[in-house]
Structure formats: C-alpha cells, structure tokens
Amino acid sequence: MLKLENLSVAVNDRPILHDVNLHIKPGEVHVLFGPNGTGKSTLISAIMGFARYTVTGGKIYFKGQDITKSSVDERARLGIGVMIQRPPTLRGLTVREMVQICGKKQVDVDELADKINMVEFLERGVNEGFSGGEIKRSELLQLMAQQPDLVMLDEPESGVDIENIALVGKSANYILERGMRKNGQTVKKYRTDRKKSGLIITHTGHILQYIPADTAHVMYQGTLACSGNPQEMLSCIQKKGYEECVNCAL
Amino acid sequence: MASEQNIKNKAHAALTKKAALGADIDLTAFADNATEKNYVSDPAKFSSEQKKQLESIGVEVAGGERAGTYMQLDHSIVHCSASNKGLEILSTDDALKKYDGLPSYWWQAVEPDADKYTARAALHQEHGYFIHAFEGAKIDYPVQACLYIGQEDIVQDVHNIIIVEEGAELHVITGCATDPQVKKGMHIGISEFYVKKGGKLTFTMIHRWGEEVAVRPRTGVIVEENGLYISNYICMQPAKNLQMYPTTKLVGPGAVSRINSILVAPTGSHMDVGGRAILDAPGTKAEIVARTISTGGIVINRGHLLGQSPETKAHLECHGLLLSDEGVIHAVPELEARTSNAELSHEAAVGKIAPEEIEYLMARGLNEEDAIATIVRGFLNVNIEGLPDALKREIDSVIQEFSLNRQ
C-alpha cells in the first residue's frame, strides 16, 4: 500500500527526517511511537505532500505508484487520508459541507455524524471554537466520508476525554474496516479480506487499547530506530523510556 | 424643523465643501441634463441586455414575489407601483407634495451641508423613492427599487426616504447600476430611513457600476424604541471611486441594528466604505460585519461604534482577504465609549488565504482552484437574510471568476 524508500525530509531547509524506510501492506495498521519533536508529524505531512515539507531524498510509493512529486489532492484522490493535530479553522464553511466535500460518493452525512456524536456540530463552521476532542471527532467524521485506503492519524487520543476515547477508537476502526467480522467469516478470511491500512502516531499508546495495530516503529531523532510488536514495544518504552528502548534494540 | 429655504441656504453655503473622506470629485466634469425617458408600464419591456443587468442587481424584472417596484432611469421615473395595501411607493417629489414637504423626515437624518455632494443633491435633486410601510403592516415580499444610469457622463442625484411605521416590517432591495454601455458618470444618493417603535427594516443594496463611475451615497438611519434595522450592502464589480459611510442612530431603548457588507474590489477599484452606529439610548445593540476581498483594487473599510448610553452593546468585525499582491485592504475599526457601561468590541483580520487552509481542503480531495473558491465562498457567507436567488447566483459567479482568473 505505502512504501517509503530512504525518505529524507526538510522543513525550511532544516533536515528533519533521514533515510526513512517503511512498508505498510494492504490491511496492515502500523503505529509510530516516539518522543515529541522527533519527526513523527513531519513524516505523515510529507506522505500527504504538504508544501512546507520538502522531500530532499528518497521516494514515496503508494499502491505501486511514485507519488513523491504528486500534489496533495492527487494523493487524497488516490486514497490517502490524514488527520493532522491542529487543522485550521474554515469560517463560513460548515462541517456538513466539509463532510460532503470529503464524500466521494453520496454519503449520508447525518448517519455518519450520529456514529461519532457530531450531529449538533454539522451546521457550525469547521473547527470554529471546537475543543481538542471535538476537532478529533470532526476529523474522523470527515475521514469516514472520505473512505481512504490509507488512514494516517496524528495522535488521535490527544485532547480527548476518557468518555470519548472509546468513541474515537471505534470510529478509527470503522474507517480501517476493523472489528467488523461478519457472521460466519473465519478470522483468517477476515484478515485477508481487509484492505484498509493505517499509520497511527501516538506517544502515550492509549489508543492501542482500542485500535489493534500489527506493527510498531519507534522514531527517534528523525529516523525509524526500530520496529516490532506494538504491545512489547510499548511496555519497553513505558518501563525504560525511549532512549534506552532504542539503544537496546540497536 | 428645517424650512425649505433654510435647507437651500445651508446647501448653497456648502457647494464647494470637500467631503471628510474620499477623493474630491469635480462635479463640473459631468453633464447636468439628462434626456427625459418614457414611463414603462411593464418593466418586462426593457431590452434583454438591460434586463440581465437589472437581474444582476437583484431586480425581479417580471415583478414576481415583489410587493412593489420603483425604477428610475437617469432623472426619469420609468416605473412606480405597489401591490400591497400596507404600502405606499411614490417619487420623493410626489411625497413632498402629498405630505407638505415631509417636515419630520426631509433632511432630518442627513445634513444638507455635510459636504458638496449633499449640497448638490439639496439643490439639484431629481426624484428618488419614497417607500412607506403603514403602521402594523407586515409586507410579505420585498419592495424593489432600482436607480439606473443609462446615459453617458451624467450626474444622477436622488433623495430617498423610507419610513417604517410602528410595528411594521419591510424589506427593500435597492439595485444601483449603470447601463453596460455607460462608462463614465456620477451617482449621488441621499437616503434617509426611519424605523419607528417596534418596526423592522431590512435594506439590501447592490451596486454594479461602470468602471469610470464615481459614487457618493449619503445615508442616515434613525431607529426608535425596539426597532430593528438590518442593512446588507453588496458591491462586487469595479467602482472607480466609491465612498460612503452610512450612519445609523439608535435613539429608542432596545433598538438594534445589524450592518453587513460584502465588497469585492477588482483592479482599478477604489472603495472607501464604512458603517457607523451611534448607540444613543439604553439597551441598544449594534453589529457591523464586513467581508472585503481585493483582487487588485483598493478597499478602505471603516467602522465606528459610538456608545453613549448605558447598557449598550456593539461589535464590529472586519475581515479582509487579499487575493492579489497588487491590492490593498485597509481596515479602520474605531470604538468610542462615552459611558462606563457601554460594551464595545471589535475583531479585524486582513491577509491572504493561509496555505494551510488550502492544503486542508486539498487533503480532502479538492484541487487547488476549488479549494480557494470554497474558502472564498465561506468567507463571504455572512448569512444575508432574504437575498434574492439571482443575486446568490451572481455571488457564486463572481467567486467562480476569481478561481478562473487566479494564476
């Protein structure tokens, strides 16, 4: 689904990411750990193609196609969707209109909004006066309508109260088509049938209680320092901290 | 009470008085006399080009869903009719005759010696509309008024009066335009509006001028106890030289005014447009909201809130979007409190569209042009009450033009 080959990225001429290699296969959900300011958000912004993030080396492939130089909207139309941490406010554009923009097909905006407890926000300006948790729910609602094949979520749990964190997890699983095994479907078939992929940034790991991830990576000082089982890596980080965890694995 | 002679004397003394704001227009550069135009009993008889122009300023030519129509071409009244019993529409000259000079309304909200334009109108005025909603009348459909310049190089000077009597409700849509062939001209419009106790006036004005037309509207509004005045002003076409600063005076307790403007200044336009609200009675409220866009022209957007009575509350909001490096947007918000418990606030922001906003929409699948158009459309969306469909389409087409012309 997504393949990064020796990807290096700079922001305002300052190198942030160095030779990142990553392969996310169809149906896989990867989680990205790492301390603040280490380049996790830069990575997903570069994959989305935002202009501030200059690819200084390497390639980005999506569904086998080299998208390193593609525009943001081309990437979105190919099937990449993103939830950034601090999306801008769009005055005068309602959440309903935004969800309609996202929906490739005719989507039932009210039905989707009901799933994520956003019905009362539909006529409000996008992110206008929203709390942290409301922004997350609004972003997830947009992604539910967009139906991307690769979903990138930047800290989906941050700013979300305990009451809503399960809702955020449930909605992310809906977008990833997880947790919806049909009657009579074997686990194997369920796993091979699902095609949606995810890349989720978290530094607390709380969201892993709700979204089952297949692989975890630790980003440290602009490189992917190590990869492994999400739960094992999380407990290593929790016990020993990032620095030691990365050293140990190296 | 100003006598007719008194008004004329004041005006004579101010004939060369420069306006406080805006370029000084040489009034001798324009012709004084316009040829007399015939009365058109059915506005549907206008040429198709004129009809198109009229529709673009919100005029329903067929008169459907309108409670009345007043149309003035240059200095001639070409149509004047009302179809609602709660309503009276006359030319101001006829109204002056009928109501003995309208002593309580004539030059009571605007001073004849404010500047040389008011002075000229006081001495040369050619008609204008008089729209009168009777006590308690709720006029279901809007009244439309059209002030049209069809002859090259003339000055059109009109004096309009709207009176909304106690408990009455009225929506007036005024479209001002020049004929597509007319390039140069001048429009001076004196407008005095009176909203009586518990009355409601919604006044929507759309300007669509020729590129070389100078425009000097002079508007004063007086709102009495619990009255409501809503003004929507839209100018999205080039105007070489437009300056106006309408003043709303809230004189009765609980009176409210809301003033919205949408200005789009293409290259070659100079628009100096403001709004002033004087909160002169306890519990009055005012809101001024302006959305300005420059695609290369100059916009000066002024706003002034004057709180001089207790328990008053007002907010001023001017947001400007620069879509061209050639353009200028200059926001001048002013708050003036003359009593300790007036609550006045303002919010002003001028700048380009943030690239993050464009990318945010692109990440949801819109291309760059559509993303910009979507942001501009949202920016201009100030929920204008009762906007005619033709005008909504016009706003959309202007937004469309931006995205197509933006390279």
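Reader: Okay, which residue forms a salt bridge with A:E139?
Author: That's B:R364, with the closest N and O atoms 2.9 Å apart. A salt bridge here is a side-chain nitrogen of Lys or Arg within 4 Å of a carboxyl oxygen of Asp or Glu. Before we go on, this is a predicted model, where local features need pLDDT of at least 70, side-chain atom pairs count only at pLDDT 80 or more, and totals for chains, interfaces and linings use all residues. Residues are numbered from 1 along each chain as its sequence is written, chains are lettered from A and ligands numbered from 1 in the order in which they are written, and side-chain values use heavy atoms, with hydrogens and water left out.

Reader: Fine. How many salt bridges between chain A and chain B?
Author: Two.

Reader: And how much area do chain A and chain B bury?
Author: About 1700 Å², with 61% of it on carbon and sulfur atoms. Buried area is the accessible area (1.4 Å probe) that two parts lose on being put together, summed over both. Chain A puts 26 residues into the contact and chain B 18 residues, contact being heavy atoms within 4.5 Å.

Reader: Switching topic: what does A:E123 pair with?
Author: A:R96, in a salt bridge at 2.8 Å, N to O. A:E123 sits in the loop between α4 and β8 of chain A and A:R96 in helix α3, so the pair ties together parts 27 residues apart in sequence. Helices (H or I, at least four residues) and strands (E, at least two) are DSSP runs, numbered from the N terminus.

Reader: Is A:E123 buried or exposed?
Author: Exposed, because its relative accessibility is 53%. The cut-offs are under 20% relative accessible area for buried, over 50% for exposed, and partly exposed in between (1.4 Å probe, protein chains only).

Reader: What about B:E317, buried or exposed?
Author: Buried, at 13%. B:E317 forms a salt bridge with B:R291, their closest N and O atoms 2.9 Å apart, and B:R291 is buried too, at 9%.

Reader: Last one: how many residues does the largest nonpolar core have?
Author: 70, and A:L199 and B:L54 are among those with the most contacts inside it. Such a core is a set of buried Ala, Val, Leu, Ile, Met, Phe, Trp, Tyr and Cys residues joined through side-chain atoms within 4.5 Å. Helix α6 of chain B gives the largest share, six residues.
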